[in-house]
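Hi everyone, thanks for making time this morning. Please have the viewer open, and we'll walk through the model together.

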Amino acid sequence: MTLTYSQTLSVLEFARIISSLLSPLRRFGLNTDEVCLVICLAISMIPILRREIIEIKYAMRAKGMNLNMRNTYYVVTRSLIRSIKRVDELDMALRARGIE
């Protein structure tokens with residue numbers, strides 16, 4: 001489903017849809033703009049994570065490692081470490097622009 005949305009909608013259009021769907025929650029004091037930003041950032045990270053996992057698999061093959069259950073742990077930990085670094089960079093960039 002995410003692939004379909006990412007291929008047919010731009011992130012801006014998707015943000016508008018999410019914002020309109022969450023608009024009733026404003027009555028409860030929820031900042032829907034922040035929720036919308038988090039959802040859009042998460043969805044825009046999916047292709048990046050996919051690309052990084054493929055790169056890690058190619059690196060494993062270049063080292064002569066086969067992809068099995070033991071090495072799956074290697075792929076998951078490496079992609080998790082890269083994701084945490086990327087999230088930290090994104091956090092710093094958003095804070096530099098004044099978005100908390």
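Let me start with a definition: a residue is called buried at under 20% relative accessible area, exposed at over 50%, and partly exposed in between, using a 1.4 Å probe and protein chains only. By that rule Arg-82 is partly exposed, because its relative accessibility is 35%.

Some housekeeping. This is a predicted model, where local features need pLDDT of at least 70 and side-chain atom pairs count only at pLDDT 80 or more, while totals for chains, interfaces and linings use all residues. Residues are numbered from 1 along each chain as its sequence is written, and side-chain values use heavy atoms, with hydrogens and water left out.

Now, salt bridges. I mean a side-chain nitrogen of Lys or Arg within 4 Å of a carboxyl oxygen of Asp or Glu. How many salt bridges does the structure hold? The count is 4, and I'll show you some of them.

Glu-55 counts as partly exposed, because its relative accessibility is 43%.

Next, please find Glu-52. Glu-52 forms a salt bridge with Arg-86, and their closest N and O atoms are 2.5 Å apart. This pair also links distant parts of the chain, with Glu-52 in helix α3 and Arg-86 in helix α4, 34 residues apart. Is Glu-52 buried or exposed? Glu-52 is buried, because its relative accessibility is 7%.

One more pair: Asp-33 and Arg-26 join their side chains in a salt bridge, 3.8 Å from N to O. Arg-26 counts as partly exposed, with 45% relative accessibility.

Let's turn to the second largest pocket. A quick word on the method: on a 1 Å grid over the protein atoms alone, a cavity is a set of points where a 1.4 Å probe fits but cannot get out, a pocket is an open set with protein on both sides within 12 Å along at least five of seven lines, and lining residues have an atom within 4 Å of a point. Grid points are joined across faces, edges and corners, and the volume is the space filled by probe spheres set on the points.

The second largest pocket holds about 150 Å³ of space. Its lining includes Leu-41, Met-45, Ser-83, Val-87 and Asp-91. Two or more lining residues come from each of α3 (32-62) and α4 (69-96), and α4 gives the most, with 5. By type, the lining has 7 nonpolar residues, 1 polar and 1 charged. Here Ala, Val, Leu, Ile, Met, Phe, Trp, Tyr, Cys and Pro count as nonpolar, Asp, Glu, Lys and Arg as charged, and the others, Gly among them, as polar.

Finally, the surface. Phe-28 is in the loop between α2 (11-22) and α3, and counts as exposed because its relative accessibility is 73%. Leu-25, Phe-28 and Leu-30 make a nonpolar surface patch of about 310 Å². Patches take residues with over 30% relative accessible area and no salt bridge, joining like charges within 9 Å and nonpolar side chains (Val, Leu, Ile, Met, Phe, Trp, Tyr) within 5 Å. The areas come from the Shrake-Rupley method with a 1.4 Å probe, and for residues only the protein chains shown count as cover.

Last stop, Tyr-58 in helix α3. Tyr-58 is exposed, at 53% relative accessibility. From Phe-28, Tyr-58 is 30 residues away in sequence and 48 Å away in space, C-alpha to C-alpha.

Methods:
Helix = DSSP H or I, 4+ residues; strand = E, 2+ residues; numbered from the N terminus.
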